[in-house]
Amino acid sequence: MPENILSQIDNPADLKKLPIDKLHQLAQEIRTKIIDVTFKNGGHLGSNLGVIELTIALHYIFSLENDRLIWDVSHQCYTHKILTGRKNSFDTIRLYQGLSGFTNPEESPYDTLVVGHAGTAISTALGIATGDSIAGTNRKVIAVCGDGALTAGMSLEALNYAGILKKNLIVILNDNKMSISHTVGAMANYLNKLRTSYLYRDLKKDVASLIEKIPKASQQMEKAFHHIRAAALAPLGGAIFEELGWSYFGPIEGHNIPVLINNLKTISQLNGPILLHIITEKGYGSQYAIDDPYKMHGIGPLTIADGKISSEKSTRLNYTDVFAESIVELANKNEKIVGITAAMPDGTGLVKLQEKFPNRYFDVGICEQQAVGLACGLAKSGIKPVVAIYSTFLQRAFDQLFHEIALQKNPVVFTIDRAGLVGADGPTHHGLYDISS
Ligand SMILES: Cc1ncc(C[n+]2csc(CCOP(=O)(O)OP(=O)(O)O)c2C)c(N)n1
């Protein structure tokens, strides 16, 4: 039986002492711990299993007690917590008086910000990098942003602004093709193209090494082969980011620790805004989480018996169930009714409308403001929009509620889920400001 490595790691300094070839085993040990605790306490399973290797590599290369690391949403911070002095209290995560399920500077100096809402990491990291350049502080600033969070307006606004500010900022784009459900939108399609180019790049590499092996009869032939080989190895993709003023690297394998370490080392020596695109799998290492990524994104306590997962589920209908049934019933009667969600088709129940009337269902991505703007325009065209958003996330669209809807008495229905105090998710997710709005 191999020695247990995690038992020797209390902080990033211990991690840095390990040789690279031990890090894979460490990742497996952390994976087991996260699965055990999350099944017991509930939490964000799939997202955390997808970034274990990335987190190890980040702490291996950077000095994050001084450099700044910002996790978007921060629901994927479990490995970060385990590696930064919270291993022994990790089994209290999301419990009363236990560790938060998100980052919180009151818990650790390694946590830069309180985060729970999506799309904020690039913007806040840009602010820190800009502040550092004014204050003369010399440190690295790194934001980890998912492909889902990249669809948020605030992320795109920050990409736009960082492209001209040109501060030293590293963004790791963690692309697993998933938000809670599949990431939607033209940006997701673009990232998909880059992913395909990643497979294509391997093919090109094979072609290049094949060309190398072909015997060349003449100097001219040698030259021609050289050109073909150079074309085969030319870099691919990332044009959108490059045009916006970023240096784009990737895509690279996000579960291969030596590859991650090499790339992080390289980009840590560069200046300006840098985007490293990594490809990961949500739920990596747990077949349950891979097979059902929607349900295993955020789970309540679960038990496994005979290979089957079960949870304590109330048999009573809840608000979401009633809403899902009602909107389909009403949409059957009135063909002008449409539903809008901001990346939460399952959580809000709108997935039922999507199944029945795919053309009358809109998932705008993690873009609550856009959801409300779209509803405003739809109403102006005589359509009857129903906007289903969790109370806490509707805060993002406070001004749109006022400006696009209330001020002009626009007939839009809002169905606001998860009102009230939320318990395990904590203060970033309480749904109590909707009443005052
Ligand atoms: C403003 C806002 N809207 C919705 C959510 C709910 N939410 C939490 S995680 C998540 C998906 C994030 O996807 P991604 O950024 O790709 O990270 P992944 O979980 O795939 O690692 C969503 C929609 C949120 N946290 N904040």
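Modeller: Ser108 sits in the loop that runs between helix 5 (78-86) and helix 6 (121-135); helices (H or I, at least four residues) and strands (E, at least two) are DSSP runs, numbered from the N terminus. The model is predicted, and local features therefore need pLDDT of at least 70 and side-chain atom pairs pLDDT 80 or more, whereas totals for chains, interfaces and linings use all residues. Residues are numbered from 1 along each chain as its sequence is written, and side-chain values use heavy atoms, with hydrogens and water left out.

Ser108 has a relative accessible area of 3% and is therefore buried; buried means under 20% relative accessible area, exposed over 50%, and partly exposed in between (1.4 Å probe, protein chains only). Apart from neighbours within four places in sequence, Ser108 is in contact with Thr84 and Arg86, where contact means heavy atoms within 4.5 Å. With Arg86 there is also a polar contact between the two side chains, at 3.4 Å. A polar contact is a pair of N or O atoms within 3.5 Å; within protein, one must be able to donate a hydrogen and the other to accept it, and residues adjacent in sequence count only if both atoms are side-chain atoms.

Another loop residue, Asn318, lies between strand 9 (308-311) and helix 14 (319-333). Asn318 has 40% relative accessibility and so counts as partly exposed. A polar atom of the Asn318 side chain is 3.1 Å from the backbone nitrogen of Thr320.
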